[in-house]
Amino acid sequence: MQTQTELGKLLEWVEIMRGRIREIVREWADQEGNLIMMLHAIQNEFGYISRGAAGELAKETGISMARIYEVITFYHYFRVTPPGKHTLQVCMGTACYLKGAAALHKELERQLGILAAAGGGHDEFQLETVRCIGCCGMAPAVVVDAETHGRLCPGDMAQILHQKQKA
Amino acid sequence: MDRPPMKVQELVAYWSSEPGPRKWIRVGMDTGGIAAGAREVHRALVETRDALKLEIDILKAGSPGLSYADPVVIVGDETGGTMILGNMDPEAAREWMRRQGSDVGTLLEDRIIASRDRGHTFSGQPQTKILVKDTNAPHKEDRTVFFQERIREELEIQGFAAQVHVHRAMDMGLYQKGICIQFLPSGVTYSNVTESDLGRIIGEGLGEGRVLEEWWETGEDPQERIVLRHCGQIDPEDFEAYLRAGGYRGLKRALLNMTPEQVIEEVKTSGLRGRGGAGFPTWLKWKNTREPAADRKIVICNADEGDPGAFMDRSVLEGDPHAVLEGLMIAAYAIGADKGFFYIRAEYPLAIERVQRALDQCRAAGLLGDKILGSDFSFDAQVRLGAGAFVCGEETALIASIEGRRGSPEPRPPYPSLKGLWGKPTAINNVETLAAVSAILDRGGEWYAGFGTETSRGTKVFAVTGKVRNPQLVEVPMGTPIRNVIEMCGGAGPGGRIKAVQTGGPSGGVIPRDKMDTPITYESLQALGSIMGSGGMLVMDESDSMVDVAKFYLGFCVDESCGKCAPCRVGGFQMLKLLEKIHSGNGKREDLETIGDICHCMKTASLCGLGQMAPNPVLSTLKYFEDEYLDLLDLGGAAARPNRRGRGTDRNLERV
């Protein structure tokens with residue numbers, strides 16, 4: 001019985017997703033150079049581009065799946081897996097690198113390791129490195145859920161994680 | 001459409017409109033400022049003003065370029081005087097607002113950034129403020145507080161204490177020049193002042209209005225702000241603010257008074273070359289795109305600013321999007337295009353938002369659309385986003401990306417000016433180039449050509465970052481020595497000594513300390529083994545390992561290689577392996593030879609600029625810092641030291 005309601009919910013969600021993708025396609029249909037823009041719209045909507053979403057896009061636009069996957073996998077910006085609840089993006093631009101971005105990244109890894117050892121919570125965080133976010137005046141910088149923190153040192157990392165955990 | 005298309009007379013009326021005398025405060029709200037807390041500062045200002053019912057305009061602006069002082073506010077009074085305050089926080093903002101009405105002065109200690117417009121005379125005005133700063137600090141003990149007190153005492157003795165206030169400045173724009181003081185509002189500035197001089201300086205300055213040559217600092221600001229002319233000056237989201245600042249005057253002149261050929265001729269006179277890095281003459285690109293017969297032509301603004309450590313284009317798009325759009329429209333008119341695209345990095349959400357808004361505003365006013373300003377020119381533009389691929393800054397890869405394909409470059413020729421987007425003739429210009437174009441059409445090619453050198457005309461914006469005291473954006477005439485640019489930013493950071501400067505990002509090279517008097521031109525930087533690039537200028541100090549730096553840049557190019565051609569894909573990867581081997585202390589002398597061979601192969605055989613230029617950081621570090629490689633080869637692991645980081649970072653590393 002329970003699985004049936006879950007299945008129902010899933011189907012409902014798939015319908016919503018399909019509807020939204022159809023809207024995106026309609027919006028962009030007669031625009032030139034629209035594929036990457038539609039992929040951005042889908043990722044903004046769902047956080048990543050699932051196989052189902054890519055399939056729906058292929059069906060609606062007539063662009064082959066191979067072509068869509070060629071594009072999604074070429075560009076770093078597109079995700080094919082769902083993102084974590086919180087994203088931690090360590091800027092690896094040159095200015096940040098020179099001022100110790102690698103040490104920030106290492107410390108974040110260490111802190112997440114501590115969380116894991118202490119019984120979890122680490123999987124809420126997605127740690128990644130990004131190419132220059134253009135805040136070189138505040139190097140080294142880390143973007144936490146679209147909020148930029150600058151002029152950091154490794155000692156600040158634990159607090160950043162702690163604040164997000166509480167939130 | 002909300003309103004009928006704008007008529008020429010309406011546009012002209014804006015250019016002569018003057019805002020009434022009001023007190024105002026502008027908050028620098030670009031990505032950097034916002035990250036440092038500009039939104040909170042803005043909110044605190046608005047709340048306090050509304051609570052106290054004050055008559056002060058609170059405005060938003062782009063970044064004035066002073067990244068080290070973010071968040072920055074600019075304060076203006078009824079008389080037209082302005083002052084910049086840095087490192088603001090909500091508490092200071094509230095305090096500033098509260099003190100507005102009182103005569104205690106509206107300043108906040110250690111936040112004032114002294115004016116670079118240094119005065120030549122007191123011109124009979126009563127002086128109201130004195131700024132003081134120990135410009136040798138933090139290398140030595142900071143004597144600013146002591147001198148502030150001493151000046152106050154001296155004012156007391158001489159009877160000026162009631163009308164003149166003394167404040168500690170955050171930055172004087174002068175470095176290693178001892179105690180510096182600046183009188184306001186005149187801007188008369190003295191350097192290397194000692195305690196015993198104060199009596200004369202104050203007595204003769206305030207009492208008799210005499211400027212004393214002994215200490216007088218006349219040095220003019222070497223900056224020439226053309227591309228950055230409105231950044232930090234106007235609200236980038238306010239269409240009318242751009243119009244009032246003379247916006248679209250260049251477009252009007254081009255559309256109504258000039259033929260496309262004359263526009264190209266004007267840009268030729270200006271000597272403007274592409275600011276994306278390669279320095280191809282802009283007029284020639286336009287001419288080549290104009291000539292081929294085609295049913296339609298396209299212009300693209302390349303805003304895929306991918307060089308790590310560079311943020312000029314972001315600042316211009318966030319601070320003055322209309323100036324770039326105006327340049328794009330002029331380019332479209334010159335080549336005969338009816339459609340334009342802004343190709344912007346997806347990582348720059350605020351720039352995207354502001355460009356989109358500028359487009360909407362122009363469309364609503366009829367500056368985009370059919371028969372613009374009553375001429376026969378019809379044009380529209382749209383935003384297209386990048387998706388995190390560095391190679392898409394290369395023009396053929398950029399075209400592939402807009403067309404919805406993976407961003408692989410194509411062999412040239414045919415150049416995009418013949419066969420570009422969807423096979424149509426396409427002109428691709430960089431953000432900074434287009435922002436300069438709108439100024440050139442407004443003020444004339446002759447005027448622009450008056451800046452810079454014979455081969456490199458005009459000005460260039462640099463993002464000076466890394467181990468420099470005050471990371472910031474500067475715009476200087478071409479031909480300015482590298483050393484001057486670094487010194488404008490305060491020289492090396494605390495405790496450091498500059499070892500080298502890197503220009504051109506992953507495609508550029510390092511320039512050692514002893515070559516820093518080289519004037520900046522496309523040719524001179526190339527002769528040193530680097531390139532002009534898009535304008536990132538990264539300062540490295542003695543603690544930075546050049547082998548590590550080379551490895552960092554090469555690693556970037558290897559990650560970003562699209563994989564289409566073998567020299568770049570295989571060569572880059574193998575060279576990176578060798579560098580890692582050397583850096584870890586396991587290298588052999590023969591490895592350097594192999595590296596040289598790979599560099600040669602990549603430079604000559606790669607398909608596009610990414611692969612051709614990727615060896616530059618390796619070659620230039622080998623050229624100027626070979627001893628660091630040799631140390632690692634001969635001494636092995638003993639010489640392998642990680643980059644020592646900034647001081648604060650080191651201390652904290654020990655702590656955790």
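Two strands count as paired here if DSSP finds at least two bridges between them, and helices (H or I, at least four residues) and strands (E, at least two) are DSSP runs, numbered from the N terminus. This is a predicted model, so to speak of local features takes pLDDT of at least 70 and side-chain atom pairs count only at pLDDT 80 or more, while totals for chains, interfaces and linings use all residues. Residues are numbered from 1 along each chain as its sequence is written, chains are lettered from A and ligands numbered from 1 in the order in which they are written, and side-chain values use heavy atoms, with hydrogens and water left out.

Let's start with strand β18 of chain B, residues 536-541. Here "buried" means under 20% relative accessible area, with exposed over 50% and partly exposed in between (1.4 Å probe, protein chains only). In β18(B), 6 of the 6 residues are buried, so the strand is largely enclosed by the rest of the structure. B:Gly536, B:Leu538 and B:Met540 point one way, and B:Met537, B:Val539 and B:Asp541 point the other.

| Strand of chain B | Bridges to β18(B) | Direction | Facing residues |
|---|---|---|---|
| β16 (residues 498-503) | 5 bridges | antiparallel | B:Ala500 opposite B:Met540 |

Elsewhere in chain B, 9 strands make an open sheet with mixed pairing, in the order β2-β1-β3-β4-β5-β7-β6-β8-β9. Its edges are β2 (56-61) and β9 (189-193), each with a single partner strand, so one side of each has no neighbour in the sheet. The partner β1 (residues 23-28) runs parallel to β2(B) and is joined to it by 6 bridges.

Now for the cores. A nonpolar core is a set of buried Ala, Val, Leu, Ile, Met, Phe, Trp, Tyr and Cys residues joined through side-chain atoms within 4.5 Å. The largest one has 205 residues, and B:Tyr248 and B:Trp286 are among those with the most contacts inside it. Helix α12 of chain B (residues 321-335) gives the most to this core, with 11 residues. A second, separate core has 29 residues, including B:Leu45 and B:Met83.

What about chain A? Its contact with chain B (heavy atoms within 4.5 Å) takes 40 residues from chain A and 64 from chain B. The rule finds 4 salt bridges across that interface, a salt bridge being a side-chain nitrogen of Lys or Arg within 4 Å of a carboxyl oxygen of Asp or Glu. In the one between B:Lys339 and A:Glu32, the closest N and O atoms are 3.1 Å apart.
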